[in-house]
Amino acid sequence: KIRVPSISVLEPRIHAERAPDGTLNITPLVERIKANIARTGEAAPSGYSILLRTITARNGGIWLKDAALSSEASITGLNLTARVNVAGDRVSANLRASHVRLSTPAYPAFTGTLKISAEYNRGRFHVDSAELVMGDAVASFSGDVGPQPDAVLDLKCSVKSGPQTLGKLTDILKPAPKQREPRFEASASVQGTSSDPHIDGSVRYSGLTFRDVVVRDTALSFQYRSHTLTLSGDKWRVVKGNKSLVIDRIIASLGYRSGVIDVHDAEITAGDLTVRMQGEIEPAKGFNAQLTAESSGEGRTVSFITSEPVGGKVNLNGRLAGALNAPTFEGTITAGPVIVRKIQFNDVNGNVAYQDKKITLSSVDIRRQSARYAFDGTMDMSAPSPVYSARLKVIQSDVVSIVELFYDKPLPLVLSASGELSFHGTARNYSGSGRLSLEAGSAYGESFSRGAVTALLSPGKIYFPQVVA
């Protein structure tokens with residue numbers, strides 16, 4: 001027997017790279033090691049045996065560059081102690097407080113510490129405990145796993161995170177003033193085999209905030225079967241000031257291939273609004289998906305989102321793209337009949353876009369009975385209250401309908417006009433102006449055959465500083 005009490009490896013280094021097609025540069029080395037082990041097993045028994053007790057690695061490092069995910073990961077300050085029983089085919093190992101760093105182009109780098117206590121015993125790995133701590137986020141798992149594709153799995157996993165880590169992922173998760181900070185918890189059990197795992201778990205959120213919208217305590221359940229992940233949740237309560245709505249249902253079916261999440265189908269239903277998405281999500285590049293939204297009835301959900309009542313049938317259809325924390329949208333909007341501030345319009349068609357927290361409507365054709373308008377405008381959602389800026393070209397109008405959108409009281413006007421109106425401000429604090437060419441009609445009891453009028457609009461008031469008849 002050859003007795004080797006211990007082997008110490010100082011500052012070992014492993015640099016691994018994963019190509020876009022998923023191949024690793026260290027695969028040939030691993031294959032050579034496996035081939036050598038196989039040849040050793042086929043050789044005649046040796047007259048010598050080795051008794052090795054302990055292997056220690058100090059201040060090691062592992063670096064992985066993943067071109068498929070456009071990400072990098074590293075473990076430095078790696079201190080590992082492994083106790084070996086060669087005859088019993090058994091190894092127990094402890095990894096102590098190594099430093100971990102993860103980075104992708106879309107997000108700030110995440111740093112933390114990793115600790116693992118595990119054992120290899122006759123072809124199976126048993127993890128007593130593994131813990132990754134990154135700021136206020138903690139991920140842990142334990143259980144059994146084998147190295148072969150058909151090895152049976154029995155794992156338990158959990159993740160907890162607070163506002164510090166969640167805030168790095170997206171501005172949506174940053175709390176508004178005087179709102180409680182967001183929290184995230186997830187747990188899962190993994191069964192099945194390494195080649196066909198079965199995963200069941202749940203996710204809980206609390207205090208998620210976007211601007212002045214708060215999502216209260218919510219939950220999702222998930223399952224992974226046959227390489228497909230399904231998500232489901234219901235009865236999420238969303239609060240905005242003194243208003244609230246309930247998200248009735250969330251369902252999704254997702255797949256994964258070569259660093260890309262395939263969204264087979266995802267649907268969110270909240271009252272009279274349904275949103276659907278199909279496409280791809282790539283962590284490094286973001287969204288590439290088809291998005292549709294349908295609103296009907298009184299439009300209460302749309303009113304909750306935009307602060308403006310929009311009743312009737314509204315359809316949105318387009319492409320969702322851009323980074324996960326800065327999505328963009330380009331598409332079309334069709335509606336009709338639709339009611340805005342108690343005024344009914346027969347037909348609405350145009351283009352809609354979203355970028356940098358701003359919704360843009362362009363080349364929107366609006367019809368109300370014999371009236372016709374061309375609309376272009378924006379809604380900037382970066383401020384505490386949405387800021388609107390709009391230009392309305394009046395091709396043919398009865399005027400009264402447009403005035404009543406901003407002025408609740410009926411006016412003694414019988415006017416048919418063409419011209420242009422502009423508007424800027426919030427739903428409560430706004431200003432507008434316009435100039436219209438008038439056909440035959442009457443105003444405040446006075447009749448005329450033709451004329452022109454200049455109008456100024458402010459909250460609750462409309463002025464006509466210049467009238468030519």
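## Nonpolar cores

Beyond its neighbours within four places in sequence, Met 277 is in contact (heavy atoms within 4.5 Å) with Val 263, Asp 265, Ala 266, Ala 289, Gln 290, Leu 291 and Leu 320. Met 277 also belongs to the largest nonpolar core, which has 43 residues. Those that touch the most other members are Met 277, Val 338, Ile 366, Tyr 373, Leu 436 and Leu 438. A second, separate core has 16 residues, among them Ala 186, Ala 188, Val 238 and Ile 247. A nonpolar core here is a set of buried Ala, Val, Leu, Ile, Met, Phe, Trp, Tyr and Cys residues joined through side-chain atoms within 4.5 Å.

## Basis of the model

The model is predicted: local features need pLDDT of at least 70 and side-chain atom pairs pLDDT 80 or more, while totals for chains, interfaces and linings use all residues. Residues are numbered from 1 along each chain as its sequence is written, and side-chain values use heavy atoms, leaving out hydrogens and water.

## Whole chain

The protein chain has 4 helices and 33 strands (DSSP runs, H or I of at least four residues and E of at least two, numbered from the N terminus). Of its 469 residues, 35% are buried (under 20% relative accessible area; exposed is over 50%, partly exposed in between; 1.4 Å probe, protein chains only). Among contacts with a separation of 6 or more, 40% join residues 24 or more positions apart.

## Around Ile 55

Ile 55 is found in strand E3, residues 50-66. Ile 55 is partly exposed, at 32% relative accessible area.
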